[in-house]
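Okay, thanks everyone. I'd like to walk you through one model today, so let me put it on the screen.

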Amino acid sequence: MSTDGPSINGTGDVPTVLVRDQSGRQLLCFLEQLIPLEGKDYALLTPVDTPVCLVQIAENENGEDEVIEELSNAEPILSIADVVLQEHDLTLVRSAVTLTVSGDLEEPDPEEYEDDELEGDEEDETDLYEMLIQFKAEDKEYGLFIPLDPFFVVARMENGEGVLVEGEEFERVQPLIEAELEDRELGDD
């Protein structure tokens, strides 16, 4: 079996959807579920490429790592991450919703981390992520981390493409989507 990136060939084709955000950035996703709500089709999606987050690593053991949410001012840091990733034949993509990494990347196995979840009394967000790379920029340590939990995207389907659901619309439809998914799971039993 080939592990050359995400493969949609083999036993069955997995449909993909291109999602756009308000800035026009795109993210190619696998279609996990299609949920009709309020006369519209909503899609629950997972990115084709590996989602990552940028983290400023604490300078000492007592400090806390900080996830960089606002990436608009982080371009100098991201360009250094680009160079480091290229050394591993990987590419950082500034996609809609999240940063992603494309290339031949071994996906983390969440079960591998369940056995040694907490060592001592350390309970922090790094237990939910696996470090992909660590690098220095602007005299600070940074890392790109892969979330161990599945990363889902909600989009509204329009003309065969997904429009990212954000803000008030997301707040309104999220509980409806969760309820529909619960109903579907109960129906499978």
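What you see is a predicted model, where local features need pLDDT of at least 70 and side-chain atom pairs count only at pLDDT 80 or more, while totals for chains, interfaces and linings use all residues. Residues are numbered from 1 along each chain as its sequence is written, and side-chain values use heavy atoms, with hydrogens and water left out.

So, the overall layout. We have three helices and 11 strands, and along the sequence they run β-β-β-β-β-α-β-β-α-β-β-β-β-α. Out of 189 residues, 33% are buried; buried means under 20% relative accessible area, exposed means over 50%, and partly exposed is in between, using a 1.4 Å probe and protein chains only.

Let's start inside, with Thr100. You'll find Thr100 in strand S7, residues 99-103, and with 1% relative accessibility it counts as buried. What does Thr100 touch, beyond its neighbours within four places in sequence? Contact here is heavy atoms within 4.5 Å, and the list includes Leu27, Asp49, Val52 and Leu92. Val52 is 48 residues away along the chain from Thr100, yet their C-alpha atoms are 5.4 Å apart.

Now, salt bridges. I'm calling it a salt bridge when a side-chain nitrogen of Lys or Arg is within 4 Å of a carboxyl oxygen of Asp or Glu. By that rule there are nine.

Take Arg94 and Glu75: their closest N and O atoms are 2.9 Å apart. Arg94 lies in strand S6 (residues 90-94) and Glu75 in helix H1 (residues 75-86), so this pair ties together parts 19 residues apart in sequence. Both ends are partly exposed, Arg94 at 30% and Glu75 at 36%.

Arg156 and Glu169 make another salt bridge, with the closest N and O atoms 2.5 Å apart. Arg156 is in strand S10 (residues 153-158) and Glu169 in helix H3, so that pair links parts 13 residues apart in sequence.

Last one: where do Glu180 and Arg184 sit? Both are in helix H3, which spans residues 167-188, and they are four residues apart, about one turn of the helix. Glu180 is partly exposed at 26%, and so is Arg184 at 27%.

That's my tour, over to you.

Terms used. Helices (H or I, at least four residues) and strands (E, at least two) are DSSP runs, numbered from the N terminus.
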